[in-house]
Amino acid sequence: MTKAAHNKIEVDMEMLRYLYEHVGLTAREAAATLEVGIGTIYNRLRVLGITKSNSESHMGQKPWNYKGRYKDSQGYILVHVPLDDKFACMGSQLNSSSGVYIREHRLFVARFMDRPLDRKEIVHHKDGDKANNTLNNLELMTQSEHMKHHLAALKAVGVEV
Ligand SMILES: [Zn+2]
């Protein structure tokens, strides 16, 4: 996902706040997701009014609402999101009364687009790594666009489809 004006210095501040405070990424994980340096993240957290002591306490430890971020059997990262989250409707309620689990790549693109994704919308990993949820690695496609993309990729390497 890229915005026209996206570059390495510009940080989507709302996205950062969301990743950090709501999804519960550490500053380091947020830096990787937004493809900026850790120093930029600390700088922007300060601008957002999230104090250095708060952000430092984040480095080894997850915030109170953090229930888990793990890789599922298919290789996707799942994150726990509270029920009052704007995007909770995209999740499924796996053994959790306090929230839902959402595939992180879908959640990040939804947050970036500022709307929940439809089930028919596919978030494609450009580099093929299902766990690389850096925004620049993600692309929103329709089911048919996605199928065409993968069929073309298979044909390109000589697979009969
Ligand atoms: Zn794909």
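Student: Which residue follows helix 6, and what is its phi?
Tutor: This is a predicted model, in which local features need pLDDT of at least 70 and side-chain atom pairs count only at pLDDT 80 or more, while totals for chains, interfaces and linings use all residues. Residues are numbered from 1 along each chain as its sequence is written. Helices (H or I, at least four residues) and strands (E, at least two) are DSSP runs, numbered from the N terminus. After helix 6 comes Gly158, with a positive phi near 85 degrees.

Student: What span does helix 6 reach from its first C-alpha to its last?
Tutor: The expected span of a helix is 1.5 Å times one less than its number of residues. For helix 6, residues 143-156, the expectation is 20 Å, and the span in the model is close to that, at 20 Å.

Student: Is helix 5 largely enclosed or in the open, and how many of its residues are buried?
Tutor: Helix 5 covers residues 104-113. The buried residues include Glu104, Leu107 and Phe108. Helix 5 is largely enclosed by the rest of the structure, because the number of its 10 residues that are buried is 8.

Student: Against which elements do the buried residues of helix 5 pack?
Tutor: Two residues are in contact if their C-beta atoms, placed from the backbone, lie within 7 Å. The buried residues of helix 5 pack against helix 1, helix 2, strand 2, strand 3, strand 4 and strand 5.

Student: In what order do the 3 strands of the open sheet lie?
Tutor: Two strands pair if DSSP finds at least two bridges between them. Strand 1 and strand 2 are joined by 3 bridges, and strand 2 and strand 3 by 5 bridges. The pairing is antiparallel, and the order is 1-2-3.

Student: Which are the edge strands of this sheet?
Tutor: An edge strand here pairs on one side only. The strands that do so are strand 1 and strand 3.

Student: What angle does the direction of helix 5 make with that of strand 3?
Tutor: Axes are lines fitted to C-alpha atoms, for helices over the stretch in contact, and angles run from 0 to 180 degrees between N-to-C directions. Helix 5 packs on the sheet and touches strand 2 and strand 3. Its direction makes an angle with that of strand 3 of about 90 degrees.

Student: Why does Tyr76 count as partly exposed?
Tutor: Tyr76 is in the loop between strand 1 and strand 2. Leaving aside neighbours within four places in sequence, Tyr76 is in contact with Lys71, Arg103, His105 and Lys130. Tyr76 counts as partly exposed because its number of C-beta neighbours inside 10 Å is 16.

Student: What percentage of the residues of the protein count as buried?
Tutor: The protein has 6 helices and 5 strands. Of its 161 residues, the share that count as buried is 26%.

Terms used
Buried ≥ 20, exposed ≤ 12 C-beta atoms within 10 Å, placed from the backbone.
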